[in-house]
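User: Here is a model with several chains. I would like to go through its helix packing, its sheet and its contacts.

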Amino acid sequence: MLSLEKGVRLPVRLSERRYALSIFGACAFLLIIITLAAKKSTGFQWILSGLTVGSIYALIAMGFSVIFSSTRVINFAQGEFSMLGGMLMYTFNNYAGIPAPYSFILSVLIVTIIGASFERLIIHPLKKPGVITVVLITIGLSIFFRAVAKWIWGTDTLAIRPFSGEKPFRIFGASLVPQSLWIFGFTLFAVILMFIFFNRSLVGKGMRAAAENPEAASLIGVSPSTTSLVAWTIAAALGASAGIIIAPIKFVSFDVGVMLGLKGFASAILGGLGYAPGAVLGGLSLGVVETIIAGVFPSGYKDAVAFLVLIVVLLLRPQGILGRQERLE
Amino acid sequence: MKSFFERKKSDIGKTENTYKTFAFGSLLILSVPLWARLIPGNVIHMDIVNVMVLSGIYSCAVIGLNMLIGYAGQISLGHAVFFGIGAYSVAILSTRYSWFPTWLGVIIGAIVSFAISWVVGRPVLKLKGHYLAMATLGLGEIGFIFFREATGITKGTVGITAIPSLSIFGIEFDSNFKLFYVVWPIALLLMLFSMNLIRSRFGRALRALHSSEIAAEVAGVNTSKYKTIVFVMSAVFTAIGGGLFAVFQRYVNPESFHFSVSILFLTMVVVGGLGNVWGAIIGSIIMTFLPSIISALPYWFPFMPKSLTNFGNYTLVLYGLLLIVFMIFMPKGIAYALEVGYSSALRGMKRIRDRISALKYEKRK
Amino acid sequence: MDAGENNVLLKVDHVSKLFGGLAAVNDVSFVVRSGEIKGLIGPNGAGKTTLFDVITGIQPPTAGRVFFKGKNVVGMRPDEITSLGMVRTFQTIKIFEGMSVIENVMVGRHSRTRSGFFSSGFLLPRFRKEEAETFEYSMGILEMFGLQTRAFDLGTSLPYGQQRLLELARALASEPEMLLLDEPAAGLNPYETHELTQLLEKIKDAGITLLVVEHNMGVVMNISDEVIVLDYGEIIAKGTPEEVQNDPRVIEAYLGSGIGNAQS
């Protein structure tokens, strides 16, 4: 469509991102001031807890991003993958007594199969669905999962044993439970894995190409059908593992998926929908901001403030803080 | 001018049909309490009039939402908030000030809803697709949290009890039977209004921007203005429904305005038929009756498991399944299926009539 | 630069449009006088459609101004520009889905009608009168295009060529002073193209100024009073069809594009 500009040198897209990053920086600075204004140890505690929850949001947000970038679909049932993951983990580990590592793998596997089969059975046959159709179908799916979970596991809040002990250790006056380390570690592991997948493997590279231009991807030999299936599989696996590793800290019940999903989506949008590094950054920042808000405001309003922030960001920068502006048609 | 009348499929003819169907449909609905009394409650195990009143209340909300989603193509996942604003306006005003007429509460709820949706709608509706879905969902969530946490105003999760019944100029609408004849005329009027609207310059503009915003703008439609108006309209309709909900239940708590209620509205729109005026009413009647019917099944058929009587706890499974099934297999909803069925029945009748007259003709020969 | 500013209808003044660092339109200036048909040609990706988007308010220009009837329309919404009297059509047809042919044209009347929310909802007499007028006017336009027999069919059910005509009809319904047509002949067969050419002449005779983007050189050369050639977002030639056809830069652009722009 476009021709190369001749002669005049003009600001490139990079500057837009730099501008966005500076907003990010300013916000971070503001947060640091707030945390410093609070007692030092409290402030550090906020950041640590914020990063813990934020990592979970980041994992879920990556799920949203992967599906969106390869298929332009938003999966409103993403949070339910996490819920199912946690629930299954509880069943295998606490109830059936299967050792944690095996339970973990088993739970993730089952949720992944559920996610993949949903893509094959429902999303794939739709061909080119409209936004409203997809939103409604995936919302229907999330309600269905939630209701089934309520049926099977009841309404109780279930606790999962932490992976290694519960004795918190202290860093600079703040306390950190070992589970947080697991969470940081796993998130890092997942991010690296995703990076390798999208930069080294053929399918991954094809999916990145597909996000830019579906036809180009077909030329490399990666069909939109494969892309969609792989995206859903990855998203389900990410969601399930997020739900499992957070469960020892936040517990799990049939309705945790709603909030996890919403926050994950919010993070994905904050970071720029369809831009995976943005999803990670969005998740971490949402986690920290939210924890600080919960410390400053009455805790009941925590989620309300989080959504307010999200809506304001949407209105100011609809393409997300790190997202690129999409061209008209 | 001549082509205007000559044409078989003329808009004018269609219009007449539409109003005929409307008159017929409203009579059918308005007659329900009269014959429903003849069926003894211990046989069907369901209070038909009670459920009908509730579905009429939901209809008000769903008619507005259908205009927004089905015609203008703008999604909202947070309409329960406007339902809540309507309900809480009535609840708060009428319980705090005993002299406050409940009907005025309904109107004030509509006005508050109007103001809030106007302020919020204009910026939010600049967003499209998934972003709009997310923003409206966020609004719904914020509203719900406000209802739950602002205990000074809304009494939080405890809820507001002892809301007086609806009274209009001294007439107390304290029974479901009486309330029915307030709720349904209102719902039908709202429907008539939106029916007129859809067929007008306004409705054409909405449908045009649904199809392509850019093309609509070039055709001269100020899309953001029209989107805002239809959003505000749907919010006001929903608030009216909410106000009626408060005088019907006589009790409100935040749970009645949760995200799942927004989804319930959405399911009603989809099951009835996106972009079909009758769809809103059919959808809300079906979705309101469904849980009652399923809970009553064990009484009707002895072989049905008794556990179904507690089905109320699991209605969500049904909403989820229905959303998926309808979006995939019947995206135009039940109203469309009925329309198709009706017109093919008419065609069948005509064929039989032709056949008979042909036979008669042959006999005479 | 151009003499006789008095009958200038549209003036494009040093307009540039950049995407990121890429210039889709680079410092373009020209005028269109009332009553003339101006052709705008250029190889694929020359920036013709982007220029249209900028003129009609769909995308803001990075720099420059656009005057219509002496009024700077930069920053105006597309619907405001339409009510001023400048309307466009699209290269990719945008017929409103789920609406009948006549309704599609009636939407085009939007800027010339006024009934609002309440008068429509309550079926006030004012609304009914205007609705009947709108209907008749739109029907008249359909008759001019020979589409009256399909008036109550779905707009999207028309064959491709007629959909193009319908879009033109919708644009005309707003009683424009100036029409911007984006590749009106794209996808038409020779017979339809010939019909279109005659129709455009008719529109011109009705006193409507035309700016026509066309890939099909034949159509442009036939109808245009003057032709502007765009390449890489810049004007490389302008003049009468004959002058332009013999311009070596134009020939080069078109020949070169056969190789260089094959992928777009």
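User: How are H14(B) and H16(B) oriented to each other: parallel, perpendicular or oblique?

Analyst: This is a predicted model, where local features need pLDDT of at least 70, side-chain atom pairs count only at pLDDT 80 or more, and totals for chains, interfaces and linings use all residues. Residues are numbered from 1 along each chain as its sequence is written, with chains lettered from A and ligands numbered from 1 in the order in which they are written. The axes of H14(B) and H16(B) (residues 315–329) come within 10 Å and cross at roughly 40°; axes are lines fitted to C-alpha atoms, for helices over the stretch in contact, and angles run from 0 to 180 degrees between N-to-C directions. Under 35 degrees counts as roughly parallel, over 145 as roughly antiparallel, 65 to 115 as roughly perpendicular and the rest as oblique, so H14(B) and H16(B) are oblique.

User: Which classes make up the contact of H14(B) with H16(B)?

Analyst: Contact requires C-beta atoms, placed from the backbone, within 7 Å. H14(B) contributes residues including B:Ile263 and B:Leu264, and H16(B) residues including B:Leu322 and B:Phe326. Ala, Val, Leu, Ile, Met, Phe, Trp, Tyr, Cys and Pro count as nonpolar, Asp, Glu, Lys and Arg as charged, and the others, Gly among them, as polar. The residues divide into 10 nonpolar, two polar and no charged.

User: Which element gives the largest share of the side of domain 1 of chain B that touches domain 2 of chain B?

Analyst: An automatic or database assignment sets the bounds: domain 1 (20–325) and domain 2 (332–365) of chain B. In their contact, 11 residues of domain 1 of chain B meet five residues of domain 2 of chain B. Helix H14 (259–272) and helix H15 (277–300) of chain B each give two or more residues to the domain 1 side. The largest share, five residues, comes from H15(B).

User: What is the bridge partner of C:Lys11 in S4(C)?

Analyst: S1 (residues 8–19) and S4 (residues 63–68) of chain C pair in the antiparallel sense over five bridges. In S4(C), the partner of C:Lys11 is C:Phe67.

How values were computed:
Two strands pair if DSSP finds at least two bridges between them. Helices (H or I, at least four residues) and strands (E, at least two) are DSSP runs, numbered from the N terminus. Two residues are in contact if their C-beta atoms, placed from the backbone, lie within 7 Å.
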